[in-house]
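Take a look at the fold below. Follow the chain with your eye, and then read on.

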Amino acid sequence: MTYRFSQRSLSRLQTCHPDLQLLMVEALADPECPCDMSVLCGYRGEEEQNAAYASGASKLKFPQSRHNQTPSLAVDVAPYINGAISWDWEHYYPLAAHIKGTWQRLEQRELTTGNHSLSWGGDWSSFKDGPHWQLDTK
């Protein structure tokens with residue numbers, strides 16, 4: 001099945017670095033994508049970032065998060081299952097594998113810069129963050 005982002009997700013995604021935009025659009029459009037997904041957040045301003053910190057959803061205050069740069073070097077995407085966002089890790093792992101595979105394909109030919117690597121918050125050991133994807137400087 002082929003999925004497409006909603007207008008709300010596309011608006012959020014447009015606040016992100018072009019490589020993150022391309023990655024997520026390509027990953028979702030691929031018929032092998034294991035599920036639909038929704039963009040929860042791209043750029044976060046000071047108030048939104050500090051609220052995420054206060055709630056425990058982020059370990060960083062403004063302006064330390066990759067979400068706080070323009071364009072955003074981070075994006076949060078979640079599996080969209082049966083008409084709702086899923087917070088179940090069983091949906092994140094196959095989606096993460098698919099997104100990582102898409103990144104590897106794009107890295108060969110289409111990314112705008114070669115100075116970034118991709119990391120997934122689900123691979124972190126101290127603070128697991130399933131929706132979080134970020135560009136890191138190589």
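N82 counts as exposed because its relative accessibility is 79%; exposed means over 50% relative accessible area, buried under 20%, and partly exposed in between, with a 1.4 Å probe and protein chains only. N82 sits in the loop between β2 and β3 (84-85). Its phi is positive, about 50°, although N82 is not a glycine. Most residues other than glycine have a negative phi, and most peptide bonds are trans.

A word on the source. This is a predicted model, in which local features need pLDDT of at least 70 and side-chain atom pairs count only at pLDDT 80 or more, while totals for chains, interfaces and linings use all residues. Residues are numbered from 1 along each chain as its sequence is written, and side-chain values use heavy atoms, with hydrogens and water left out.

Now step back to the whole fold. The protein has four helices and five strands. Helices (H or I, at least four residues) and strands (E, at least two) are DSSP runs, numbered from the N terminus. Along the sequence they come in the pattern α-α-β-α-β-β-α-β-β.

How far does the C-alpha trace span along its principal axes? The spans are about 40 × 35 × 30 Å. A compact globule of 138 residues would have a radius of gyration near 14 Å, and the protein agrees because its own value is 14 Å. That radius is taken over C-alpha atoms, and the globule rule is 2.2 Å times the number of residues to the power 0.38. Of the 138 residues, 45% count as buried.

Contacts tell a further part of the story. Contact means heavy atoms within 4.5 Å. Among contacts between residues at least 6 apart in sequence, 62% join residues at least 24 apart.

P79 is in strand β2. It counts as buried because its relative accessibility is 0%. P79 and M37 are 42 residues apart along the chain, yet their C-alpha atoms are separated by 4.3 Å. Leaving out residues up to four places away in sequence, P79 touches several residues, including D36, M37, I85, Y92 and L95.

S72 lies in the loop between α3 (46-55) and β2. S72 is buried too, with a relative accessible area of 0%. From S72 to Y43 is 29 residues in sequence, but 5.0 Å in space, C-alpha to C-alpha. Beyond its neighbours within four places, S72 is in contact with residues including T15, H17, L20, Y43 and R66.

The loop between α3 and β2 also holds P63 and P71. The bond joining F62 and P63 is cis, with omega about 5°. The bond from T70 to P71 is cis as well, with omega near -5°.

Finish with helix α4, residues 89-109. Its 21 residues should span 30 Å at 1.5 Å a residue, and its end C-alpha atoms are 31 Å apart, which agrees. The expected span is 1.5 Å times one less than the number of residues. Which residues of α4 are buried? They are Y92, L95, A96, H98, I99, G101, T102, W103 and L106. An α-helix has 3.6 residues a turn, so residues three or four places apart point the same way. The buried residues of α4 pack against α2 (18-29), β1 (36-41), β2 (74-81), β4 (116-120) and β5 (132-137).
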